[in-house]
Amino acid sequence: MHIVVCIKQVPDSAQIRVHPVTNTIMRQGVPAIVNPYDLFSLEEALRLKDKFGGKVTVICMGPPQAEEALRKCVSFGADDAILVTDRAFAGADTLATSYALASAIRKVNAEQKVDMVFTGKQTIDGDTAQVGPGIAKRMGLQLLTYVSKIVETDLEAGTITVERRGEGGVQILQTQLPCLITMLENTNEMRFASLPAMIHAAAYQVRKWNKDDAGVEDVTKIGLKGSPTVVSRVFGPTPRSEKAEMLVVENSSLRDISLNLLQAIFTVHPTLEQDLVDKVSA
Amino acid sequence: MSDAQPANKPALKPAGRGRNLELSDELKAYKGVWVFIEHERGHAHSVSWELLGEGRKLADQLGSPLCGVILGGPDEDLDAFAKEAFTFGADHVYFMRDVVLKGYRNEPFTKGLTDLVNKYKPEIVLLGATSQGRDLAGSVATTLLTGLTADCTELAIDPNTRALAATRPTFGGSLLCTIMTLAYRPQMATIRPRVMAMPRAEAGRSGTTSEDTLGLIETTIVTKLLDFIADANSNKINLPYADVIVSGGKGLKNPDNFKLVFDLARVLGGEVGATRPCVQAGWVEADRQVGQTGKTVRPKLYIAAGISGAIQHRVGMEASDVIVAINTDPNAPIFDFAHYGIVGNAMQVLPALTQAFSAHLAQRAKKVA
């Protein structure tokens, strides 16, 4: 079976700092990583390959340095890696991104038939969760988002059964291949890359596709031109005007501190006290 | 959302760089604010009412009607949801009832909402940023080829263009950006549960309804819903709607100390939350994560123990009524937005607080009785 996994290289958001005066992202020294949510999808794809044989192709749209993220995926066990990179893609929102990636996946499909596409649930920089559904709709693939478990894959019948996290419960869904799946986080654990695999990945020739290689037919649908959303303002969060009322443990006992806190809170918020009493009585 | 947009400029003007930002006359005819009303197993999701409250303000500003959209099975009591929607501000409700719409599935719901939009042409469509709403919004926006802004924290109408100005956190909450869809309609946005305040229900308020047909039959729908396993009540962690939350961070040093957080939460009848590092380390379940990549909460009381207050955490809880922070570092950023701060070791302060709250509440409860 042939599985395509779409990944994104993102700045590690946990380490991002914003310049306090200019409100700009300070990228210096912030490591670029494979979007953590993508790894749950990659691992699931690798497990399907382990079980049924075949091939996993990873695709990433991004600047030339995103090649590093693809190499990482190769070290985990991906067989083929394609970087879709072109200045014409710059400024793409999720609609334009899904167009470019869908074009590239169609190209991959022409080389070798694709049975399944995986994307991450969302990215940690954009956080939109929109590109996966976008690719599915553009390619007419069945869409299975927030999948917590692949229950059964029947290649002969061309069906797949999954558990999908819905609101208030789990849906058991069955669909036909080809389909697009986004995996829920913490549903599996990414395998370790072996030393030989890392050496293989370091020397691996990542294929680089520009917009023509990726089969983009309509240049008005990619990059800024193909993006209906316009970023009109970027700004930093406003600090709260009043400072916290501070209680320092060094100056008094823990018990006094606790009682002072309770008194302070309940004097200002008498309804909260009543709510808590009601809760405890119930 | 402009995912790949470089965020290294402080204030990007809506400059087109060759792209069309003018609304065509045909699209100018799009009128009305819509809210997709989400329901599952006989219960409407509260986020739908929160969105109606917000949608009402937008509709009033635009002088447009506020409409709800309810898709479901013919044997489901959708009329009850419509009645409730009217009390929260809806003027009109569009129904679509079909057996294939019983239980959420992407394909029939995408067709249903897309068809309604194409027929009635609303200018704004709002959905909850839930697993259902996000799945549907991304599919509908791509089918309609229009703009969609995810996880908005503020919605406003831009006075110059009358466009929806949707503000959302980006880069893990380090920055906020305002996004507009200028040359396309409808303008779509998702908003997480609890980001917007619950509106007050206006009893007796009513509205109009209309019915449309989906025109799909089961045999043409590829994906089958075989079963739905409802979460057992015992393992349901309803963080977004909890009144009291006690959260722990890496300052608790090890997973065993989380017991102290659970103790205080139990005394207060509250839920336990956590920061992303704690969830990633496997100290507590992922459903307990508060913040940008976790849940948004707005309890009456939020107690943060051993949490430094990174922006990723802050964006998920700063709307709480009362925030109490416990941290050993007097300069921790959490004290910049907490209402009460205790500078001290959470492992010592938590048991003291548990004791104090327990004694105080027991005494008050006795008085009442």
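Let's start with chain B and its two domains: in this predicted model, the C-alpha centres of domain 1 of chain B and domain 2 of chain B lie 33 Å apart. Domain 1 of chain B covers residues 25-220, and domain 2 of chain B covers 238-368. Where the two touch, nine residues come from domain 1 of chain B and 10 residues from domain 2 of chain B. If you sort the domain 1 side of that contact by class, you get three nonpolar, four polar and two charged residues.

Now chain A, please. Its domain 1 runs over 2-221 and its domain 2 over 249-281. How far apart are the C-alpha centres of domain 1 of chain A and domain 2 of chain A? They are separated by 49 Å.

Next, the place where the chains meet. On the chain A side, 83 residues are in contact with 96 residues of chain B. Helix α6 of chain A, residues 254-268, supplies the largest share of the chain A side, with nine residues. By class, that side of chain A holds 38 nonpolar, 30 polar and 15 charged residues.

Strand β11 of chain A, residues 169-176, pairs with β13(B) in the antiparallel sense, over six bridges. Leu173(A) has Leu225(B) as its bridge partner in β13(B), and Gln171(A) has Phe228(B).

Is Ile7(A) buried or exposed? Ile7(A) is buried, because 28 other C-beta atoms lie within 10 Å, and the cut-off for buried is 20 or more. Leaving aside residues up to four places away in sequence, Ile7(A) touches Val34(A), Asn35(A), Asp38(A), Leu42(A), Val58(A), Cys60(A), Ala69(A) and Cys73(A).

Cys73(A) leads us to the nonpolar core. In general, nonpolar side chains tend to be buried together in soluble globular proteins. The largest nonpolar core here has 137 residues, and Cys73(A) and Ala100(A) touch the most other members. Helix α3 of chain A, residues 94-111, gives the most to this core, with nine residues. Again not counting residues up to four places away in sequence, Ala100(A) touches Met61(A), Val84(A), Phe89(A), Ala92(A), Ala214(A), Val216(A) and Ile222(A). Apart from that core lies another, of 52 residues, including Leu264(B), Val284(B), Ile323(B) and Ala332(B).

I'll finish with some backbone details. Most residues other than glycine have a negative phi, and most peptide bonds are trans. The bond from Leu177(A) to Pro178(A) is cis, with omega near 0°, and Pro178(A) is found in the loop between β11 and β12 (179-183) of chain A. In chain B, the bond from Arg185(B) to Pro186(B) is also cis, with omega near -5°. Pro186(B) has its place in the loop between β10 (175-181) and β11 (187-191) of chain B.

Then there are the positive phi values. Arg41(B) has phi near 55°, in the loop between β2 (39-40) and β3 (43-44) of chain B. Arg41(B) is exposed, with 12 other C-beta atoms within 10 Å. Leu145(B) has a positive phi of about 55°, and lies in the loop between α5 (131-144) and β7 (148-149) of chain B. With 14 other C-beta atoms within 10 Å, Leu145(B) is partly exposed.

Technical notes: Residues numbered from 1 in each chain as written. Chains lettered and ligands numbered in written order. Predicted model: local features only at pLDDT ≥ 70, side-chain atom pairs only at ≥ 80, totals over all residues. Core = buried A, V, L, I, M, F, W, Y, C linked by C-beta atoms within 7 Å. Helix = DSSP H or I, 4+ residues; strand = E, 2+ residues; numbered from the N terminus. Contact = placed C-beta atoms within 7 Å. Pairing = 2+ DSSP bridges. Domains from an automatic or database assignment. Nonpolar A, V, L, I, M, F, W, Y, C, P; charged D, E, K, R; others polar.
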